[in-house]
Amino acid sequence: MAEGHSEIEEKRMNHKLTLRNVTKRYNSEEGELKALEEINLEVKSTEFLCIVGPSGCGKTTLLRMVAGLDYPSSGEIILDGERVRGPSPDRGMVFQEFSLFPWRTVLKNVEFGLEIRGVQERRKIAEQYLELVGLLDFKNCYPQELSGGMKQRVAIARALATNPAILLMDEPFGSVDAQTRNVLQEELLQIWKRTEKTILFVTHSVDEAVYLADRVAVMSARPGRIIQCMKIDIPRPRKRTSMEANVIREQLLMWLSRERVK
């Protein structure tokens, strides 16, 4: 782990994310639209929690509010005892789009958040996280020279470089092919194990959720509510086609199918 991070890690060792009665409303030409309704969720320290739900149920909206990029209409989001009121280095975000700056090298992309904060040893820290994701040899390349999977690794390194308490991931592997997606899932689990980060991960893929998560939160159709929260008691490393995984997958799919027909 990067030099100078140890104090921050000790401070955040037992952090907790809590969502209390979070509701989100929008005004439209047709009137008020309720996107999320009474979301209550607690994410434990170092937990890997996946959120699944029908399209349009507010998964991304929920993640953006945790990131501080949007705000609840009512309710509150609390991290480490403090109410979330905007973006902060405490929360690193990885989007489905690679969202890299094409005019900056891989190294400079990873340095970006550290640069904004005025961190002096940002090159050293960025190189350590590029090594963590296996891309140190590509530090002087530009994003257009990388594959989709490599771009997303850079995005993950950039999010981790500021040493956030929680890593927020919005369909991060949705735009890559199936084989690359499996590889990235494996790599993410290794990174999670090494960094002991808390991860809140939005996905449309039940298979992905079962493979990655400690728990899976299932959301209803709009307005999005959490209708189930299932613990995944399958030892790691997991076999994607095991009997235990298939049983959990079928249960999650059953809950989701009930929401799609509404």
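I take a polar contact to be a pair of N or O atoms within 3.5 Å, where within protein one must be able to donate a hydrogen and the other to accept it, and where residues adjacent in sequence count only if both atoms are side-chain atoms. This is a predicted model, in which local features need pLDDT of at least 70 and side-chain atom pairs count only at pLDDT 80 or more, while totals for chains, interfaces and linings use all residues. Residues are numbered from 1 along each chain as its sequence is written, and side-chain values use heavy atoms, with hydrogens and water left out.

**Thr-23.** I looked up Thr-23 and placed it in strand E1 (residues 17–28), strands being DSSP runs (E) of at least two residues and helices runs (H or I) of at least four, numbered from the N terminus. A polar atom of the Thr-23 side chain lies 3.0 Å from the backbone nitrogen of Glu-38. Leaving aside residues up to four places away in sequence, I listed what Thr-23 touches, namely Lys-34, Leu-36, Glu-37, Glu-38, Pro-72, Ser-73 and Ser-74, where contact means heavy atoms within 4.5 Å. Thr-23 is buried, with a relative accessible area of 1%; buried means under 20%, exposed over 50% and partly exposed in between, for a 1.4 Å probe and protein chains only.

**Cysteines.** I searched the whole structure for disulfides (pairs of cysteine sulfur atoms within 2.5 Å) and found zero. Cys-50 is in no disulfide, and the nearest cysteine sulfur, that of Cys-229, is 11 Å away. Cys-50 is buried at a relative accessible area of 0%, whereas Cys-229 is partly exposed at 36%.

**Backbone.** I kept in mind that most residues other than glycine have a negative phi, and that most peptide bonds are trans. Where do the cis peptide bonds that I noted lie? One joins Arg-222 and Pro-223, with omega about 0°, and Pro-223 has its place in the loop between strand E9 (215–219) and strand E10 (226–231). Another joins Arg-236 and Pro-237, again with omega about 0°, and Pro-237 is in the loop between E10 and helix H8 (243–260).

I then turned to positive phi values. Asn-163, although not a glycine, has a positive phi of about 55°; Asn-163 lies in the loop between helix H5 (148–161) and strand E7 (166–170) and counts as buried at 1% relative accessibility. Glu-171 has a positive phi near 45°, is found in the loop between E7 and helix H6 (178–195), and counts as buried at 7% relative accessibility.
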